[in-house]
Amino acid sequence: IPSVSSIVPESCLLIVVGLLVGGLIKGVGEKPPILKSDIFFLFLLPPIILDAGYFLPLRPFTENLGTILIFAVVGTLWNAFFLGGLMYAVCQLGGPGLNHIGLLANLLFGSIISAVDPVAVLAVFEEIHINELLHILVFGESLLNDAVTVVLYHLFEEFASFEQVTILDIILGFLSFFVVSLGGVLVGVIYGVIAAFTSRFTSHIRVIEPLFVFLYSYMAYLSAELFHLSGIMALIAAGVVMRPYVEANISHKSHTTIKYFLKMWSSVSETLIFIFLGVSTVAGHHYWNWTFVTSTLFFCLIARVLGVLVLTWFINKFRIVKLTPKDQFIIAYGGLRGAIAFSLGYLLDYKHFGMRDMFLTAIITVIFFTVFVQGMTIRPLVDLLAVKKKQETKRSINEEIHTQFLDHLLTGIEDICGHYGHHHWKDKLNRFNKKYVKKCLIAGERSKEPQLIAFYHKMEMKQAIELVESGGIGKIPSAVSTVSIQNIHPQTLPLERVLPALSKDKEEEIRKILRTNLQKTRQRLRSYNRHTLVADPYEEAWNQMLLRRQKARQLEQKMNNYLTVPAHKVDSPTMSRARIGSDPLAYEPKEDSENLPIITIDPASPQSPESVDLMSEEPKGYSGLPPSPEEEDEGLVMRVKEPSSPGTDDVFTPGTGDSPSNQRMLRCLSDPGPRPEPEEGEPFIPKGQ
């Protein structure tokens with residue numbers, strides 16, 4: 001029924017099937033089977049985690065590892081203690097049925113119910129095709145919070161059997177978190193290296209190559225669980241470490257077998273888990289308490305929303321690509337609970353936890369609410385908020401080449417700046433991997449780069465031999481060069497060039513070879529550092545010469561300013577008209593002004609826009625007579641220039657006051673020299689003017 005499956009997620013439908021099957025078994029009079037924790041943790045969970053770890057998108061995971069760890073560690077701790085503390089308060093205020101539940105029991109319940117479930121997240125997020133960033137944030141959190149859940153679960157379970165919990169016990173419990181998480185990663189890395197090394201020697205027995213991948217991965221999970229370490233972290237580490245080396249050693253058929261067998265195995269496990277959840281709901285013993293169950297559900301949602309908002313506010317201070325409010329909503333809404341919480345609750349011992357049935361009832365209620373309500377409504381909400389979807393098409397080779405080019409570029413920029421960012425350390429790791437690790441873990445010539453030319457020659461030779469053996473040349477493969485064609489049939493030319501149809505596996509191999517064997521741009525003859533760069537012997541001399549030239553130029557400018565007076569700047573015709581129009585009396589000639597300095601102007605009119613000419617400016621008393629008091633008060637007198645007679649040149653005909661001494665005096669009077677620049681805070685127009 002496509003209309004139902006497009007609205008309801010597959011996990012919800014499987015739980016409904018489990019409920020129907022459980023009800024049918026109970027109706028017949030038989031006892032329905034219950035999902036036992038040993039079966040879940042030993043057989044059903046590992047295939048799902050191995051599939052997720054082996055095919056983990058490593059680039060987005062490593063780029064967002066800091067954000068994922070903050071959500072997984074700090075967010076899970078916040079949810080566990082916030083929920084446990086509030087549930088303890090609810091139990092103290094909730095009446096006689098809840099008073100006997102202590103703080104440790106509530107904290108244990110909080111640690112069980114607080115962790116996001118990877119199985120439920122995978123089941124829902126794979127169907128809505130959310131963008132890669134949000135998917136890896138929520139899914140990465142659900143994978144890595146396993147260490148926190150395991151530590152808190154075993155810690156509170158042990159504390160429940162103690163008579164008194166000391167500060168030393170709390171400190172040891174805090175340190176056990178690092179032991180559980182890092183110990184699980186270490187176990188996974190060891191088994192991953194062993195699997196890669198073993199695959200180096202399987203070239204003559206290709207049939208058992210997939211078996212080693214499954215065997216060593218499962219051994220990593222069992223070894224971690226044996227020492228109470230994080231089995232999920234061990235499986236992820238083993239899958240991530242072994243994949244690049246194993247895929248370089250094994251055949252294409254083995255690679256296809258591993259891929260489809262893992263997908264099939266994880267799908268079967270996921271189906272069984274959700275069906276058994278439904279059956280166990282019908283078969284289990286339940287104790288319903290309205291106060292406890294509704295408080296658990298409400299505080300779960302509140303803790304998740306508050307945790308995401310506060311942590312995102314902190315994370316966005318350090319992220320380049322910020323998490324938008326839409327992203328925060330999807331992260332908070334995608335915190336689904338699942339079968340891990342149910343199995344951990346089922347593992348509780350009746351001796352120390354008499355309220356186990358009530359805990360299981362509340363856990364099942366939260367699982368059903370998150371899977372049904374949030375799982376069914378997240379797809380319409382993603383469409384409503386127009387959240388970016390996942391890119392369905394594969395990246396082109398052009399995009400991969402430019403991505404690798406930008407990685408090299410950013411690494412070079414970090415080296416020049418002396419900043420050791422993640423590009424620098426990634427490049428160091430790649431160099432170490434290429435120089436030492438690949439030679440040990442990858443067999444034969446495949447450990448040496450580039451493989452592209454060898455692969456091309458191999459393909460060309462194979463197709464040329466097939467062509468000769470078949471004796472036909474109607475369909476010529478594109479990989480066969482023109483030289484080999486001429487050697488086979490020198491006279492005949494192909495009428496039509498037919499391109500071969502590449503299979504998907506062959507195309508994927510070519511993409512992989514191109515991606516891993518691009519030109520390494522950072523091959524340097526010697527390493528350098530910005531602190532140990534060799535100084536140029538001529539650089540100091542050039543700097544001294546430039547400084548001397550600059551000082552000489554500044555000194556020359558100062559001397560020119562003080563020794564030579566610039567010519568008077570003549571006003572434009574527009575300014576002259578504006579001045580005459582604003583105060584015409586100031587430009588009218590005055591009587592008894594024969595001995596005064598005279599400035600003669602030609603008043604420009606709109607019909608004849610001529611410029612103002614400076615004709616004569618004589619200082620008072622320059623004619624040899626002492627100035628009278630009236631003349632001193634009158635100042636400068638403006639006189640109108642007389643029109644020149646025709647045939648005379650205004651420019652080259654000297655006037656009465658155009659002698660060299662008069663011109664020098666006029667220039668000095670017009671501009672006495674450079675004035676000091678006004679200091680800061682000094683008004684532009686001095687007071688009193």
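1. Terms for the fold. Helices (H or I, at least four residues) and strands (E, at least two) are DSSP runs, numbered from the N terminus. His228 is found in the loop between two of these helices, H11 (209-226) and H12 (231-249).

2. Basis of the note. This is a predicted model, in which local features need pLDDT of at least 70 and side-chain atom pairs count only at pLDDT 80 or more, while totals for chains, interfaces and linings use all residues. Residues are numbered from 1 along each chain as its sequence is written, and side-chain values use heavy atoms, with hydrogens and water left out.

3. Overall make-up. The protein chain has 26 helices and two strands. Of its 689 residues, 39% are buried. Buried means under 20% relative accessible area, exposed over 50%, and partly exposed in between (1.4 Å probe, protein chains only). A contact means heavy atoms within 4.5 Å. Among contacts in the protein chain with a separation of 6 or more, 79% are between residues 24 or more positions apart.

4. His228 is not a glycine, yet its phi is positive, about 60°. With 49% relative accessibility, His228 is partly exposed. His129 also has a positive phi, near 55°. His129 sits in the loop between helix H7 (118-128) and H8. Its relative accessible area is 37%, so His129 is partly exposed.

5. The largest core. A nonpolar core is a set of buried Ala, Val, Leu, Ile, Met, Phe, Trp, Tyr and Cys residues joined through side-chain atoms within 4.5 Å. The largest one holds 120 residues, and Phe40, Leu45 and Phe292 touch the most other members. Helix H17 (residues 356-385) supplies the largest share of this core, 13 residues. What does Phe40 touch, not counting residues up to four places away in sequence? The list is Leu35, Leu45, Pro46, Ile273, Ala339, Ile340 and Ser343. Another core, of five residues, lies apart from the largest one; Tyr245, Ala248, Leu441 and Ile442 are among its members.

6. Salt bridges around Arg59. A salt bridge is a side-chain nitrogen of Lys or Arg within 4 Å of a carboxyl oxygen of Asp or Glu. The whole structure has nine salt bridges. Arg59 pairs with Glu63, with the closest N and O atoms 3.3 Å apart. Both are in helix H4 (residues 58-63), and because they are four residues apart, about one helical turn separates them. Arg59 is partly exposed at 31%. Glu63 is partly exposed too, at 44%. Arg59 also forms a salt bridge with Asp407 (3.0 Å, N to O). Asp407 lies in helix H18 (residues 397-417) and Arg59 in H4, so this pair ties together parts 348 residues apart in sequence. Asp407 is buried, with a relative accessibility of 13%.

7. Glu209 and Arg206 form a salt bridge, their closest N and O atoms being 2.6 Å apart. Glu209 is buried at 2% relative accessibility, whereas Arg206 is partly exposed at 28%. Through shared partners, salt bridges join Arg59, Glu63, Asp407 and Lys426 into one network.

8. Glu141. Neighbours within four places in sequence aside, Glu141 contacts Ile68, Phe71, Ala72, Val116, Ile136 and Arg304.

9. Cavities. On a 1 Å grid over the protein atoms alone, a cavity is a set of points where a 1.4 Å probe fits but cannot get out; lining residues have an atom within 4 Å of a point. Grid points are joined across faces, edges and corners, and a volume is the space filled by probe spheres set on the points. The count is five cavities of 30 Å³ or more. The largest cavity has about 90 Å³ of space.

10. Lining of the largest cavity. Fourteen residues line it, and Ala115, Val116, Asp117, Thr149 and Ile340 lie nearest its centre. Helices H9 (146-161) and H16 (339-346) each supply at least two lining residues. H16 gives the most, with three residues. The lining divides into eight nonpolar, four polar and two charged residues. Here Ala, Val, Leu, Ile, Met, Phe, Trp, Tyr, Cys and Pro count as nonpolar, Asp, Glu, Lys and Arg as charged, and the others, Gly among them, as polar.

Conventions. 1 Å grid on protein atoms, 1.4 Å probe; cavity = no way out; pocket = protein on both sides within 12 Å on 5 of 7 lines; lining within 4 Å.
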